[in-house]
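Dear colleague,

I am handing over the structure below for your work. My notes on what was found in it follow directly after it.

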Amino acid sequence: MALRALALLGLLSAASQAANACWSSQFACRDGRPRCVSWPYRCDGANDCDDGSDEDGCSATMVTLLPNATVTARVGYDEDHGAIAVHLCGSDHCSSVRLWGEASNGTMRYSTSSGCNHRAVECSAEQSFGQYDREFPAGGVVLQIQRRPGELAVWRHGRPDDVAVVPVADSNDSLRVWPHFWSSIMPVQFNETQLTSEHNARNI
């Protein structure tokens, strides 16, 4: 009888654990209400978990990008990140370039957004460019990021012919590079100074 009771308790415990688990495409809310939210809602500027835990740790390291300046960003990209998001923000709004992957000929597939809120979502203008064939290889992706008059330009090191450009306001000077999906930490190194996202990733 005791062995049967222990076996039943084990089954109930396993069922309870399974019920509290989230899919790999979901973020687990800290207080369990709702239990899980889809990763695209992680760090989108809105509290989708009742306790707001989906917006915790969403700050990223910022560097100032002055007019006509260029910086090199070495990004520790992983497929779980979905895309590399490059934002240039001011006090009121942001412009964004999201690098999704590349075509078979090696050119970038990217999208641009402008007139966005401080998390570079809820934008007034969005466009997509290029053909998608595959994600960037996991590991180090080296980007050149340049502030030009009225626009932000992003290209991969050694590929100045393949440039993503988005309009920016003159007041935008805070540069942030972070993952499209906050499923894990994405280290970013600007020039020779190691800067890492402050996000405390929760691996599910």
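To begin with one of the disulfides, cysteine 116 is joined to cysteine 123, with an S to S distance of 2.1 Å. The torsion about this S-S bond is about 110°, so the disulfide of cysteine 116 and cysteine 123 is right-handed. Both cysteine 116 and cysteine 123 are buried. Please bear in mind throughout that this is a predicted model, and that the values quoted here are computed from it.

The structure holds 4 disulfides in total. Two others deserve a description.

In one of them, cysteine 22 and cysteine 36 are linked, and their sulfur atoms lie 1.9 Å apart. Here the torsion about the S-S bond is about -90°, so the disulfide is left-handed. Cysteine 22 is located in the loop between helix H1 (2-19) and strand S1 (26-28), whereas cysteine 36 belongs to strand S2 (residues 36-38); the pair therefore ties together parts that are 14 residues apart in sequence. Cysteine 22 and cysteine 36 are both buried.

The other connects cysteine 29 with cysteine 49, at an S to S distance of 2.0 Å. The link of cysteine 29 and cysteine 49 is left-handed, with -75° about the S-S bond. Because cysteine 29 lies in the loop between S1 and S2 and cysteine 49 in the loop between S2 and strand S3 (62-64), this pair ties together parts that are 20 residues apart in sequence. Cysteine 29 has 5% relative accessibility and counts as buried; cysteine 49 is buried as well, with a relative accessible area of 2%.

Turning to secondary structure, the protein chain has 1 helix and 14 strands. An open sheet of 6 strands runs in the order S3-S12-S5-S6-S7-S8, and its pairing is antiparallel. S3 and strand S8 (125-129) stand at the edges with a single partner strand each, so one side of each is left without a neighbour in the sheet. On average, and with direction ignored, neighbouring strands of this sheet are turned by 20° against each other. In general, strands of a sheet pair through backbone hydrogen bonds, either parallel or antiparallel. Within this sheet, strand S5 (residues 84-89) and strand S12 (residues 174-179) pair in the antiparallel sense over 6 bridges. Valine 86 has valine 177 in S12 as its bridge partner.

Two points of backbone geometry may be of interest to you. Most residues other than glycine have a negative phi, and most peptide bonds are trans. Arginine 33 and proline 34, however, are joined by a cis peptide bond, with omega about -15°. Proline 34 is in the loop between S1 and S2, the loop in which cysteine 29 also lies. Asparagine 68, for its part, has a positive phi, near 70°, in a residue other than glycine. Asparagine 68 is placed in the loop between S3 and strand S4 (70-77). With a relative accessible area of 60%, asparagine 68 is exposed, since the cut-off for that class is over 50%.

Some totals complete the account. Of the 204 residues in the protein chain, 42% are buried. Among contacts in the protein chain with a separation of 6 or more, 54% are between residues 24 or more positions apart. The accessible surface of the protein chain comes to about 10700 Å², and 51% of it belongs to carbon and sulfur atoms.

With kind regards

Technical notes
Residues are numbered from 1 along each chain as its sequence is written. This is a predicted model: local features need pLDDT of at least 70, side-chain atom pairs count only at pLDDT 80 or more; totals for chains, interfaces and linings use all residues. Side-chain values use heavy atoms; hydrogens and water are left out. A disulfide is a pair of cysteine sulfur atoms within 2.5 Å. Helices (H or I, at least four residues) and strands (E, at least two) are DSSP runs, numbered from the N terminus. Buried means under 20% relative accessible area, exposed over 50%, partly exposed in between (1.4 Å probe, protein chains only). Two strands pair if DSSP finds at least two bridges between them. Axes are lines fitted to C-alpha atoms, for helices over the stretch in contact, and angles run from 0 to 180 degrees between N-to-C directions. Contact means heavy atoms within 4.5 Å. Accessible areas come from the Shrake-Rupley method with a 1.4 Å probe; for residues, only the protein chains shown count as cover.
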